[in-house]
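I set down what I looked up, entry by entry.

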Amino acid sequence: MDIDVILDTLPKFWDGAVITIEMTAISVTIGFFLAILVAVMRTSKSPLLWMPSYGFTFYFRGTPLLVQLFLIYYGSGQFQEFLSNVGLWTFFKEAWFCALLTLTLNTTAYSAEIFRGGIQGVTFGEIEAGRAYGMSGVKLYRRIIIPSALRIAWPAYTNEVVFLLQATSLVSIITLMDLTGVARVASARTFAFYELFLTVALIYLVLVYVIIFVFKRIERRINAHLSSNAA
Amino acid sequence: MQGIPLQAVLTFFVGAGHSRAGGRAFHLPPAHQTKEFFKVIEFLDLEGYGMLLLKGARLTLAVGVVSMVIALFLGLVAALCKLSRFKLLSVSAELYTTVIRGVPELVLILLVYYGGPTVVQDVAALWGKDLYVDLNPFFAGSVTIGFIYGAFATEVYRGAFLAVPKGELEAGRACGMSPWLTVRRIHLPQMWRFAIPGLGNVWMVLIKATALISIIQLPELMRSADVAARSIRKPFSCFFIASLLYLGITILSLVFQQWAEKRADRGVRRE
């Protein structure tokens, strides 16, 4: 066990942790709103709405994240000419953009499926009550269905966010220096493989439990009016 | 030689798309569509690397099945430990699931593949021996994936064990069976029915996680697609077809899972 290597790498691990957390935070935030949209589309009766969202979630949930990442990062090169013409190549040539895009689409698909379960779990009485108050369409969704669905879906959504944090480790494969990337480069240089990978595993473990703690707090908050002993 | 099975794959994909519009599986498109048609062909043509991808898919399935068997076994043992009265067993099973589920698969794979041999070497050095260990990627990959998904399977089994009605266990005890005999005769056989949906999910996630083994150079589907993409300079086509193969595995697994669930539920009354 080489403690010095771990201590020497700690500042780099800090930079890596910042990238990991940034990647997670940005894709979770964008993915959250997109997922609500996709889930609402998915529960619609019109095939024009539910079919695309079904295809999207099925593809992104049925294929490995690594394939999606390579498809966007390396695959975009096959359309370089076209992407340059529309002015998007400046984004697609950057690894961080491709990583964020992939992670966002991936988490959107998984979260949409979770939220769909939530939307379908909303008791019909609530919707009826909303209708009785004269709400319809967007207002009904915004005030009644989505808040209620999120409450139902929250525990499963917590899991998805944890998985996404772990999934960000894949961005190290396309040269980004997140936590895993730092460990890979540092261990290749120092040969301190297990020391560095154990350290990075420990850091991920801490991050995961921080996320679980925060999301449990949010869960308590959004369910506060439902708990018998209001605290 | 290599091009022939590829053509079959191509016609399959292209033909599948056209069968919906035309009603027949194979037919030439009308003249005004021919140009578009050849564009699709050119896009999906892997220039002889199709067979490599199919071979990769076979290896992916092999790694998947081996890791799933390990995961099923480990999960069962860990679940029994978790429900055990002995503190040491339940605490160590708890530790196993908490730690493994909190660490990314990629980190664990790298830890085992690169860290494993160095640990052995360092320990051997302590005894004054010079040892060089080189892990086989197939072995390292399946064991690691199996070890990781064993932790997920543990939770599934645990839930399934708890879902068996208490009265059945009491009945077993009342008939004079020992605790272990109740587990073997009543708990285990009935638990499967509750475990199948969860274990099916574990398999779905596991088969996708095998793509990560490409990082340690095992020529499974993902690695083969990477090799093909580099040689023919069509990364999108290669990875897209690889993703369709993964999708195919997922669809087949879904069908199998539904069949298994139906079969496991055949003795249960439906209201």
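This is a predicted model: local features need pLDDT of at least 70, side-chain atom pairs count only at pLDDT 80 or more; totals for chains, interfaces and linings use all residues.

**Entry: chain B overall**

I looked up the make-up of chain B and found 10 helices and zero strands. Read from the N terminus, the order of elements is α-α-α-α-α-α-α-α-α-α. Chain B has 271 residues, and 35% of them count as buried. I then turned to the contacts in chain B with a separation of 6 or more; 76% of these join residues 24 or more positions apart.

**Entry: H3 and H4 of chain B**

I examined how H3(B), residues 50-82, packs with H4(B), residues 87-101: the angle is about 130° and the axes are 7 Å apart. The angle falls between 115 and 145 degrees, so the pair counts as oblique. The crossing of H3(B) and H4(B) is left-handed. From H3(B), the residues that take part are Ala78(B), Cys81(B) and Lys82(B); they meet residues of H4(B) including Leu89(B), Ala93(B), Glu94(B) and Tyr96(B). By class I recorded five nonpolar, three polar and two charged residues in the contact of H3(B) with H4(B).

**Entry: H6 and H8 of chain B**

Next I took H6(B), residues 137-163, and H8(B), residues 179-209, whose axes come within 8 Å and cross at roughly 150°. I recorded the crossing of H6(B) and H8(B) as right-handed. On the H6(B) side I listed, among others, Tyr149(B), Phe152(B), Val156(B) and Ala160(B); the H8(B) side includes Met191(B), Phe194(B), Leu199(B) and Val202(B). The contact of H6(B) with H8(B) has 16 nonpolar and three polar residues, with no charged residues.

**Entry: H10 of chain A**

I checked the span of H10(A), residues 193-222. Its 30 residues reach 43 Å from the first C-alpha to the last, close to the 44 Å expected at 1.5 Å a residue. Among the buried residues of H10(A) are Phe193(A), Tyr194(A), Glu195(A), Phe197(A), Ile203(A) and Leu207(A). Against what do the buried residues of H10(A) pack? I found helices H1 (3-42), H8 (137-167) and H9 (179-190) of chain A, together with helix H5 (105-126) of chain B.

**Entry: the contact of chains A and B**

I counted 31 residues from chain A and 29 residues from chain B in the contact. On the chain A side, H2, H3 (65-73), H9 and H10 each supply at least two residues. H10(A) gives the largest share of that side, 10 residues. By class, the side of chain A that touches chain B has 21 nonpolar, nine polar and one charged residues.

**Entry: Tyr54 of chain A**

I placed Tyr54(A) in helix H2 of chain A, residues 47-62. Is Tyr54(A) buried or partly exposed? With 17 other C-beta atoms within 10 Å, Tyr54(A) is partly exposed, because 20 or more would be needed for a buried residue.

Note on methods:
Residues are numbered from 1 along each chain as its sequence is written. Chains are lettered from A and ligands numbered from 1 in the order in which they are written. Axes are lines fitted to C-alpha atoms, for helices over the stretch in contact, and angles run from 0 to 180 degrees between N-to-C directions. Helices (H or I, at least four residues) and strands (E, at least two) are DSSP runs, numbered from the N terminus. A crossing is left-handed if the near helix is turned anticlockwise from the far one by less than a right angle, and right-handed if clockwise. Two residues are in contact if their C-beta atoms, placed from the backbone, lie within 7 Å. Ala, Val, Leu, Ile, Met, Phe, Trp, Tyr, Cys and Pro count as nonpolar, Asp, Glu, Lys and Arg as charged, and the others, Gly among them, as polar. A residue is buried if 20 or more other C-beta atoms lie within 10 Å of its own, exposed if 12 or fewer, and partly exposed in between; C-beta atoms are placed from the backbone. The expected span of a helix is 1.5 Å times one less than its number of residues. Angles under 35 degrees count as roughly parallel, over 145 as roughly antiparallel, 65 to 115 as roughly perpendicular and the rest as oblique.
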